[in-house]
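Thanks for coming, everyone. Let me put the structure up, and then we will walk through it piece by piece.

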Amino acid sequence: MSTRNLGRSVFGNPANTGNLLTPEEANCLLEDWVPNDRLRLHMRQVAANMKAWALEKEGTDELTARKWEQAGLLHDADWERYPDDHCRIIIEELERRNIDPHIIHCIASHGPSVFGIEPVTKMDKMIYAIDELSGFIHAAALIRPTLYEGLEVKSVLKRLKNPSFAAQVSRNDINDAISRIEVSLDELIQFIIDHQKMVS
Ligand SMILES: [Fe+2]
């Protein structure tokens, strides 16, 4: 298995700042590259959380929020088809399509211990924090008869302390990501519960 370290630190071209895929193009890419419904849902949930965080917590303009959303939507686009080259393939695709370098850098830094790229901007840091937590919270909701209804932060925290629950989710990455942002774990869990429950 090849290393997933990306081995470079510059992504995209500054001349492409402000270029995004249209919603139709982004959906097409997802439909083509990600047959797995559950993975597509994960990417849509991360996208919704990212967009909402940008607008509600960072007070960004609409275009910036759409960049946060698109980074979330596409961050795992190559995971299913190219697991050994996950991240490199989608980055090269977005570079080929002249997409905004901030979106590409954000995707490249969503797993610093795997891809070797440190999150720099707030958008980078938030995708790192939201990605693992979003999947974990969804797993916690799925085992409840009422799903997200009545799901409380304290029950998510309790499950995080149980290493056998959703064991593939890295608690180290979650703690590392939280240490890089001025947001408490409790606050981010509540935000994700509130914003991803309506994404289906
Ligand atoms: Fe992800």
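One definition before we start: helices here are DSSP runs of H or I, at least four residues, numbered from the N terminus. Also keep in mind that this is a predicted model.

Where is Ala166? Its place is in the loop between helix 8 and helix 9. Ala166 is not a glycine, yet its phi is positive, about 45 degrees. Most residues other than glycine have a negative phi. Is Ala166 buried, exposed or partly exposed? It has 19 C-beta neighbours inside 10 Å, so it counts as partly exposed. Buried would take 20 or more.

There is another residue of this kind to look at. Asn98 sits in the loop between helix 4 and helix 5. Asn98 also has a positive phi, about 55 degrees, although it is not a glycine. Asn98 counts as exposed, because it has 12 C-beta neighbours inside 10 Å.

One more loop. Glu152 lies between helix 7 and helix 8. With 11 C-beta neighbours inside 10 Å, Glu152 is exposed too.

Now the helix packing. Two packed helices are described by the angle between their axes and the distance between the axes. Take helix 2, residues 37–56, and helix 3, residues 62–74. Their axes are 7 Å apart, at an angle of about 160 degrees. So helix 2 is roughly antiparallel to helix 3. The crossing of helix 2 and helix 3 is right-handed. Who makes the contact? From helix 2, residues including Met43, Val46, Met50 and Trp53. From helix 3, residues including Ala65, Trp68, Ala71 and Leu73. The residues of this contact divide into 11 nonpolar, 3 polar and 3 charged.

Helix 3 also meets helix 5. Here the axes come within 9 Å and cross at roughly 40 degrees. That makes helix 3 oblique to helix 5. This crossing is right-handed. On the helix 3 side we have Lys67, Gln70, Ala71 and Leu74. They meet His102, Ile103, Cys106 and Ile107 of helix 5.

Buried or exposed? Cys106 is buried, because 30 other C-beta atoms lie within 10 Å. Cys106 and Ala71 are 35 residues apart along the chain, but their C-alpha atoms are separated by 6.4 Å. Leaving out residues up to four places away in sequence, Cys106 touches Ala71, Met123, Asp124 and Ile127.

Last, the core. In soluble globular proteins, nonpolar side chains tend to be buried together. The largest nonpolar core here has 44 residues. Which members touch the most others? Met50, Ala71, Ile107 and Leu133. Several helices each supply at least two residues, among them helix 2, helix 3, helix 5 and helix 10. Helix 7 gives the largest share of this core, 10 residues.

Finish on Met50. Not counting residues up to four places away in sequence, Met50 touches Trp68, Glu69, Ala71, Gly72, Met126, Ile127 and Ile130. Over to you for discussion.

Key. Residues numbered from 1 in each chain as written. Predicted model: local features only at pLDDT ≥ 70, side-chain atom pairs only at ≥ 80, totals over all residues. Axes fitted to C-alpha atoms, helices over the stretch in contact; angles between N-to-C directions. Parallel < 35°, antiparallel > 145°, perpendicular 65-115°, else oblique. Left-handed = near helix turned anticlockwise from the far one by under 90°. Contact = placed C-beta atoms within 7 Å. Nonpolar A, V, L, I, M, F, W, Y, C, P; charged D, E, K, R; others polar. Core = buried A, V, L, I, M, F, W, Y, C linked by C-beta atoms within 7 Å.
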